[in-house]
Amino acid sequence: MKNDFILKGNICYSETMDRLWVAEQQYVICVDGKSAGVFSEIPEKYQGLPVKDCGDALIVPGMVDLHAHAPQYAFRGLGMDLELLEWLNTHTFPEEAKYASEVYAKRAYTMYVEELKKSDVTRAVIFATMHVEGTKILMELLEDSGLSAYVGKVNMDRNGGKDLEEKSAEKSLEETKRWLAETDGRFQHVRPILTPRFIPSCTDELMRGLAELQKEKKLPVQSHLSENPGEIAWVKELCPNVSNYSEAYEQFGLFGGDCPTIMAHCIWMEEDEIEKMKNNQVYVAHCPQSNMNLSSGIAPVRRFLSEGIPTGLGSDMAAGYSTSIFRAMADAIQCSKMRWRLVDDTQKPLTVEEAFYLGTKGGGAFFGKVGSFEEGYEFDALILDDSNIAHPQKLTVRDRLERMIYLSDDRHITEKYVSGRKVK
Ligand code: GUN
Ligand code: FE
């Protein structure tokens, strides 16, 4: 019973996607890094544990960023007037090429991880770059931060230009194996994830090799899917043998099923693809701020939820400029309203409850039992002091949570825990 404790305060978590549980002035108990549940009175067997009284603060599960690019943090807020392919070539690839330098990687990744520590994020699934040494530096920084993360060394053996392209599929696979071997067993809270950047960046030979590696090592996979109409047309040209973008991954066995997979964006999905994502339980990382910035489109998130496709939220740093998942919740709600009004009035906008679910339990499921305070869930928590957001009347806890979604920043987060470890 080393680090077991109790927090008292106004506790909120998602039970289901449309049901928010609110426990006013109750106790949430952390035992061995996991939640032992929420109680109105402290059960007898936990009565010896230290109790931290958080006063009138809100206590919520930590947030999950299902999709971010750590090397893009440094240029966030720049170059937002372009669409995806032009943005990649003009801003992103030249910036990522700089991560060949370990000195640069250390400097820039330190800034990102410091920001992440202060943010509402407790867990993240992150792209590094194609460079092994830089990726290792990022993993070390994240491990030291106390946050929990999946990190991917990016694979890209075509269309990256001379400074951001691995010389061959063979070389890319060799480097990936070296990265896995050199990081194996070194970290407690940071795990590797295979990361073919997207179909235009990866030859068939590389994809076949990654699929073999996935099967051998049982690694999860992350990539991008159906983000931009120009990108989708390009994938059709590159893969004339398949009938849609999803199949371009599926033909190699890199699309869910036995291969745990996150696909970012999933905006322009055909019916067959939605069916396939559901059957294969492919995770969607919905990145609304990125989708607005790069004029990509509005993803059919209501459809994903009603089909039972596992879905969470992503910052997509730096096509999204904010690390905050509270902000992503607000963006997701706002985007869904535009989709309902302008695209499809049969698909109702997301509610506050649903957006909160997506940013906690929805994305958290990729990590296991994460994103709730139900018994057995990892004890990831934020303590939120909203006392500086004035209102002349006393608000309900649920309404205060809604205001955190729209109005909070890192100054409202007074403490942060990941599996019971204090991070902030
Ligand atoms: N598709 C391929 N690479 C990227 C990237 O870095 N960001 C986004 N938003 N989409 C991509
Ligand atoms: Fe992305």
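Cys-266 is buried, since 28 other C-beta atoms lie within 10 Å. (Buried takes 20 or more other C-beta atoms within 10 Å of a residue's own, exposed 12 or fewer, and partly exposed is in between, with C-beta atoms placed from the backbone.) Cys-266 also has a positive phi of about 50 degrees, although it is not a glycine. This is a predicted model, in which local features need pLDDT of at least 70 and side-chain atom pairs count only at pLDDT 80 or more, while totals for chains, interfaces and linings use all residues. Residues are numbered from 1 along each chain as its sequence is written, and chains are lettered from A and ligands numbered from 1 in the order in which they are written.

**Backbone spots to look at**

- Cys-266 sits in the loop between β12 (261–265) and α8 (271–280). (Helices, H or I with at least four residues, and strands, E with at least two, are DSSP runs numbered from the N terminus.)
- Ser-226 is another non-glycine residue with a positive phi, near 45 degrees. You'll find Ser-226 in the loop between β11 (221–225) and α6 (229–238), and it counts as buried because it has 24 C-beta neighbours inside 10 Å.
- The peptide bond from Met-317 to Ala-318 is cis, with omega near 10 degrees. Ala-318 belongs to the loop between β14 (311–313) and α11.

**Two domains**

- The chain splits into domain 1 (5–61 + 372–422) and domain 2 (63–367), with bounds that come from an automatic or database domain assignment.
- Their C-alpha centres are 29 Å apart, and the contact takes 22 residues from domain 1 and 22 residues from domain 2. (In contact means that the C-beta atoms of two residues, placed from the backbone, lie within 7 Å.)
- On the side of domain 1 that touches domain 2, the elements giving two or more residues are β1 (5–16), β2 (19–31), α13 (397–407) and β16 (413–418). Of these, α13 gives the most, with five residues.

**The largest nonpolar core**

- This core has 124 residues, and Ile-59, Ile-126, Val-151, Met-329 and Ala-332 touch the most other members. (A nonpolar core is a set of buried Ala, Val, Leu, Ile, Met, Phe, Trp, Tyr and Cys residues joined through C-beta atoms within 7 Å.)
- Helix α11 (residues 325–342) gives the most to the core, with eight residues. Both domain 1 and domain 2 give residues to the core, so it lies between them.
- Setting aside neighbours within four places in sequence, Met-329 is in contact with Leu-313, Ala-355, Phe-356, Leu-358, Gly-359 and Ile-405.

**How the helices pack**

- The axes of α11 and helix α12 (residues 352–364) come within 9 Å and cross at roughly 135 degrees. (Axes are lines fitted to C-alpha atoms, for helices over the stretch in contact, and angles run from 0 to 180 degrees between N-to-C directions.)
- That makes α11 and α12 oblique to each other. (Under 35 degrees counts as roughly parallel, over 145 as roughly antiparallel, 65 to 115 as roughly perpendicular and the rest as oblique.)
- On the α11 side, the residues making the contact include Met-329 and Ala-332, and on the α12 side they include Ala-355 and Phe-356.
- α12 also packs against α13, at an angle of about 65 degrees and with the axes 11 Å apart. Here Val-352, Ala-355 and Phe-356 in α12 meet Leu-401, Glu-402 and Ile-405 in α13.
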